[in-house]
Amino acid sequence: MSTPPSPPSGPGHTWPPPSPLPVWAPPPGHGPQQPALNGFALASLLVGLLCFPPLGIVFGIVALVQIAKKRERGKALAIVGLAVSVAMTGALVFTAGRVATALGDRFDTLSAPPEVEGELTDVDDLKAGDCFNVEGADLLDERPLMYRIDCAEVHHGEVAATKRLDTVDAPGSDEADRASEETCWQAQDAYAMDTWALPDYAEMFFYAPSRQSWRQGDRVLLCVIGTTEQDWRGSLRNDSGMLKPEQAAFLRAANTVDFVMSRPPEDDVEEALQEHQAWAREVHAALGEEVKVLQADKARPGMEKAVPAQLKEIETARTAWQRASQAKTPAEFDRQWSRALGAMSASTEQALRGAYGLSMAIPEWREDGRTDPEDPDAGPGGGPSSESV
């Protein structure tokens, strides 16, 4: 048995202190575990942003409660998710309210009894000779609801023609509108040939396809004579089938003259002299066709005075139009234009129409000449004014 060594003797000699006890440490990489990420926090953000915002609010609240109890991670994520869900819910409620209001207004419009006489009719089902009413007598509405009614009753419009468009221009362009207007003027002149018999407040309207309906294959152009300013009963139809052959022949020629004269070039004479010269040649030719008709009728009973008087004025006007077509300057063109218009009086034409048995009521657009050279847009030329919709 061994004995521990004796402590060193002498002053300053003591036993060394005992060694510290060993301390246990975990292996490297095995530190204290972080709290788990709360699943509802992440779900709140994803659901609120991408799916159903109200559910995201619920998930956000549940996440905050669980995080506080379980000391989990994701508090900031839950707050962001809750805020996003609240914002998206507000936007959803606002949008739904707008949609509901719009649908409600539409439903009220469709369900409320119309304050207009007639039977609601699809535009595509209307045909030439049909009369109709529109709500508020607003024929300028782009696509008004039309209620077909007997022409013997008060009505707002009468269909002069339905035409299929062949133009390649897009709907709404200036070229397309001009083509539609010209088509409907010519259709109206064929439907109501005696333009002097139309009431002064009658207007020509046309309804062309919209860009959307055009893409869907809509090519129908609706030409309408509107009479909304006053109560009007009866049909305005007065076509070749309702007239004597000589009446129809004269009106066809006279309406062609009015139509051509009402379509001068859009630019001023100073800017487009050649275009105006070409237009003058067209007027000269149209008047020549009217001369042929009148010469064939001058021997008819009752035509002995009226026809020669009209022929004399037409020949004077044709001479001026011919000189206008050869004018060297815009000023000379204007002088010949004015002479041509001044050569033909409304009173002479009034007597001629009376001889043919047609209306003798001089319309407003004819009292001061067919087209004023100082203001080409002032006179409608072939009849009452036109409106596009």
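**Briefing: helices, cores and selected residues**

Gly90 is partly exposed, with a relative accessible area of 40%. This residue lies in helix α3. The model is predicted. Its protein chain has eleven helices and seven strands. Of the 389 residues in that chain, 39% count as buried.

- The protein chain exposes about 22500 Å². Carbon and sulfur atoms supply 55% of that area.

**Largest nonpolar core**

- The largest nonpolar core holds 39 residues. Phe250, Leu287, Leu294, Trp321, Phe333 and Tyr356 touch the most other members.
- Five elements are named as giving two or more residues to this core: α6 (245-261), α7 (273-297), α8, α9 (330-343) and α10.
- Helix α7 gives the most to this core, with nine residues.
- Trp321 touches Met261, Trp279, Ala280, Val283, His284, Leu287, Trp337, Ala340 and Leu341. That list leaves out residues up to four places away in sequence.

**Second core**

- A second, separate core has 19 residues. Leu165, Ala192, Cys223 and Phe259 are among them.
- The C-alpha atom of Leu165 is separated by 9.5 Å from that of Ala176. These two residues are eleven apart along the chain.
- Ala176 is found in helix α4, which covers residues 174-191.
- Ala176 has a relative accessible area of 6%. Buried means under 20%, so Ala176 counts as buried.

**Packing of α8 and α10**

- Two packed helices are described by the angle between their axes and the distance between the axes.
- Helix α8 spans residues 306-325, and helix α10 spans residues 346-356. They pack at an angle of about 140°, with their axes 9 Å apart.
- α8 passes α10 in a left-handed crossing.
- On the α8 side, the contact residues are Ala306, Val307, Ala309, Gln310 and Glu313. On the α10 side, they are Thr348, Glu349, Ala351, Leu352 and Ala355.
- By class, this contact has six nonpolar, two polar and two charged residues.

**Loop residues**

- Ala137 sits in the loop between β2 (131-134) and β3 (146-149). Its phi is near 55°, a positive value in a residue other than glycine.
- Ala137 has a relative accessible area of 27%. Partly exposed covers the range between the buried cut-off of 20% and the exposed cut-off of 50%, so Ala137 is partly exposed.
- Glu115 is placed in the loop between α3 (75-111) and β1 (119-121).
- Glu115 has a relative accessible area of 80%. Exposed means over 50%, so Glu115 is exposed.
- Glu115 and Glu135 are 20 residues apart in sequence. From C-alpha to C-alpha they are 6.8 Å apart in space.

**Back to Gly90**

- Gly90 and Pro53 are 37 residues apart in sequence. Their C-alpha to C-alpha distance is 8.9 Å.

Technical notes: Residues numbered from 1 in each chain as written. Predicted model: local features only at pLDDT ≥ 70, side-chain atom pairs only at ≥ 80, totals over all residues. Heavy atoms only, no water. Helix = DSSP H or I, 4+ residues; strand = E, 2+ residues; numbered from the N terminus. Buried < 20%, exposed > 50% of the residue type's maximum accessible area, 1.4 Å probe, protein only. Axes fitted to C-alpha atoms, helices over the stretch in contact; angles between N-to-C directions. Left-handed = near helix turned anticlockwise from the far one by under 90°. Contact = heavy atoms within 4.5 Å. Nonpolar A, V, L, I, M, F, W, Y, C, P; charged D, E, K, R; others polar. Core = buried A, V, L, I, M, F, W, Y, C linked by side-chain atoms within 4.5 Å. Areas by Shrake-Rupley, 256 points an atom, 1.4 Å probe, with all protein chains shown as cover.
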